[in-house]
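I opened this notebook to record what I looked up in the structure. The entries follow the order in which I worked.

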Amino acid sequence: MINTVEKMYNEYGTSSGTYKVTNQDGTILWVPNDEANTDYQAIQEWAEIEGNNIIDNGA
Amino acid sequence: MAITRIGNIASTIPDDSIQNVKMSNIVQSKNIIINGDMSIAQRATSVTGNTAGGYTTVDRWNTILTTAGTYTISQSTDVPSGSGFANSMKFDCTTADASLAAGDNMRLQSKFEGQNLQYIKKGTSNAESLTASFWVKSVKTGIYILELEDKDNSRTISKSYTISSANTWEKKTVTFPGDTTGAFGNDNARSLDVMFWLAAGSNFTSGTLSTTWTSTTSANRAVGQVNLSDSTSNEWYITGVQLETGTTASEFEFLPVDVNLARCQRYFERTTAVGAGSNYVNFAAGVVQSSGNASYCFLWKTKKRANPTMSSTAASTFLNENGGSYPAGSSISFGQINTTSAQCDLASSSGLTQGNGALMKSNGTYNAYIDASSEL
């Protein structure tokens, strides 16, 4: 179960195309922006739930 | 003379002859199932206290476990005698659930890409029948359900098989007719699930078993299924799973371990120190980018189905060897993830010199690993 999702940036200040997912059990996943990736699909479903927001702190 | 061996067929071919060889059965495995002999288990060989299922031990086999007891799931060496198998997958019930609620269920599942299934011609008038064969053993005798689920068109078909003798290996064969409705997508997405039911609440058993391909109706999926979770005495073993076109089961197709591993690694690949002779194992070569961080490139041994999700043991289980220093990792992250590679950034609080070449190593532990997962 997803706890938080954070959009990641690379050393050049642009989106790395990766999300850092912290699950409720504390495990951390690095999920690419790829619609064929089932964890990315899970992020999209999670983000559609009222109150869930992807953290975007910028570069 | 040249000796050629293809699968279980060996033949002698004169050197001076010109051979026309039918290649179709060489490049295309007849077995849709991957790791049907349960020989590859990259994640672990045994997991205890499992209440939620998931990919736990044997590669490509996912357990769905929805409030239907607690299990130890393992790769076992208990196999049918004389069959040629070295491993099976074992489910050992450690906390029973003798009274399943309506939605409770337990299933062993394997999922397949549509682009690998075009040859079965599903959704056409020439749709192929599929025959499953497998070895199974359980102290819990009775009726079990094997189901195929078409995820593209929400269609299912279920067949029953019976475990007749307790604690005895039995070989089962189940044939499913071809489905002339609903083609599989020709892509890398999930199209077919093969499902061994092990427990099912009334949501899945209250109808009539769907023994022909039909639109999915939950109540018709697992009618008659025994409850493997009803006693802590229960165990269930399976190996030699093969699913092939046609109405008869052929001999199990044994693959070389490297071929089997590569097929699994399309979906999951673990880079690990486990099994190494040292607990300071090289994981990757890279460069120190700054006084606080080194970057490493991981190249996958097998191209992934999709850009994979990355995960790892804690940063402190790795170190950044550079210029004669060996600082432990303080944080770890991944980016630039694609089907052939990913970048790993391992930070250290000191001991890094910008511009140095670097080696990422396990930090005195056999347990360090980095996972790339593109499971369906």
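This is a predicted model: local features need pLDDT of at least 70, side-chain atom pairs count only at pLDDT 80 or more; totals for chains, interfaces and linings use all residues.

Entry 1, a sheet in chain B. I began with an open sheet of six strands, whose order is S4-S7-S12-S9-S10-S13 (chain B) and whose pairing is antiparallel. Strands here are DSSP runs of E of at least two residues, and helices are runs of H or I of at least four, numbered from the N terminus; two strands pair if DSSP finds at least two bridges between them. Strand S4 (62-66) and strand S13 (214-215) of chain B stand at the edges with a single partner strand each, so one side of each has no neighbour in the sheet. I then looked at strand S9 (residues 142-150) and strand S12 (residues 190-200) of chain B, which run antiparallel and are joined by five bridges. Leu146(B) has Phe196(B) in S12(B) as its bridge partner.

Residues are numbered from 1 along each chain as its sequence is written, chains are lettered from A and ligands numbered from 1 in the order in which they are written, and side-chain values use heavy atoms, with hydrogens and water left out.

Strand S20 (residues 331-335) and strand S21 (residues 341-347) of chain B pair in the antiparallel sense over five bridges. Ser333(B) stands opposite Asp345(B) in S21(B). Five residues lie between the two strands of this hairpin, and Gln336(B) in the turn has a positive phi of about 45°.

In one of them, Lys137(B) pairs with Asp78(B), with the closest N and O atoms 2.7 Å apart. Lys137(B) lies in strand S8 (residues 130-138) of chain B and Asp78(B) in the loop between strand S5 (70-76) and strand S6 (88-95), so the pair ties together parts 59 residues apart in sequence.

An automatic or database assignment sets the bounds, and chain B is divided into domain 1 (1-28), domain 2 (31-255) and domain 3 (268-373). The centres of domain 2 and domain 3 of chain B, taken over C-alpha atoms, are 36 Å apart. Five residues from each of these two domains take part in the contact, which means heavy atoms within 4.5 Å. The two domains bury about 520 Å² between them, 40% of it on carbon and sulfur atoms; buried area is the accessible area (1.4 Å probe) lost on putting two parts together, summed over both. Gln42(B), Arg43(B) and Asn188(B) lose the most area on the domain 2 side, together 87% of what that side buries.

Key:
A salt bridge is a side-chain nitrogen of Lys or Arg within 4 Å of a carboxyl oxygen of Asp or Glu.
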